[in-house]
Amino acid sequence: MEFEHVTFDLPHGTFHALQGGDPDGQPTLVLHGFPDHPPTARPFLAELGRRGRHVVAPWLRGYAPSPTAPPATSAIAARAA
């Protein structure tokens with residue numbers, strides 16, 4: 001089963017994800033943990049797709065190609081000091 005690389009333009013940057021499966025199927029969001037990223041779960045994503053799910057697996061913040069966390073604001077930096 002093929003998954004396409006898609007992007008979502010959000011206020012804090014452009015996030016990347018793999019998307020595939022049945023477009024009319026139940027939406028299923030698959031989040032990765034450290035140190036993985038969406039391509040390592042392709043067999044699992046494909047099985048969900050074969051079972052009729054519409055799968056979206058984003059690269060989480062800080063995992064290329066999604067953006068890293070924005071710099072701390074001065075208010076947050078002041079509280080941390």
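Modeller: Axes are lines fitted to C-alpha atoms, for helices over the stretch in contact, and angles between N-to-C directions run from 0 to 180 degrees. Please note also that this is a predicted model.

Colleague: In what order do the elements of the chain run from the N terminus on?

Modeller: The secondary structure comprises 2 helices and 4 strands. Read from the N terminus, these elements follow the order β-β-β-α-β-α.

Colleague: Which strands lie at the edges of the sheet?

Modeller: The sheet is open, has 4 strands and shows mixed pairing, with the order S1-S2-S4-S3. An edge strand pairs on one side only, and this applies to S1 and S3. Neighbouring strands are turned by 30° against each other on average, direction ignored.

Colleague: In which sense do S3 and S4 pair, parallel or antiparallel?

Modeller: Strands of a sheet pair through backbone hydrogen bonds, in either of two senses. S3 and S4 are joined over 4 bridges, and Gln26 stands opposite Arg53 in S4. The sense of the S3 and S4 pairing is parallel.

Colleague: At about what angle does H1 run to S4?

Modeller: Helix H1 spans residues 42-50 and lies across S1, S2, S3 and S4. Strands S1 (3-10), S2 (13-21), S3 (26-29) and S4 (53-58) are included in what covers the buried residues of H1. The angle of H1 to S4 is about 155°.

Colleague: Why are the buried residues of H1 on the same side of the helix?

Modeller: The buried residues of H1 are Leu45, Ala46, Leu48 and Gly49. They lie on the same side of H1 because they cover an arc around its axis of only 160°.

Colleague: Which exposed residues does the opposite face of H1 carry?

Modeller: An exposed residue has over 50% relative accessible area. On the face of H1 turned away from its buried side, the exposed residues are Pro43 and Arg50.

Colleague: Which residue with a positive phi follows H1?

Modeller: The phi in question is near 90°. The residue that follows H1 with this value is Gly52.

Colleague: What share of the contacts with a separation of 6 or more comes from residues 24 or more positions apart?

Modeller: The chain has 81 residues, of which 31% are buried. It exposes about 5,500 Å², with carbon and sulfur atoms supplying 59% of that area. For contacts with a separation of 6 or more, the share from residues 24 or more positions apart is 60%.

Methods
Residues numbered from 1 in each chain as written. Predicted model: local features only at pLDDT ≥ 70, side-chain atom pairs only at ≥ 80, totals over all residues. Heavy atoms only, no water. Buried < 20%, exposed > 50% of the residue type's maximum accessible area, 1.4 Å probe, protein only. Contact = heavy atoms within 4.5 Å. Areas by Shrake-Rupley, 256 points an atom, 1.4 Å probe, with all protein chains shown as cover. Arc of directions from axis to C-beta. Pairing = 2+ DSSP bridges.
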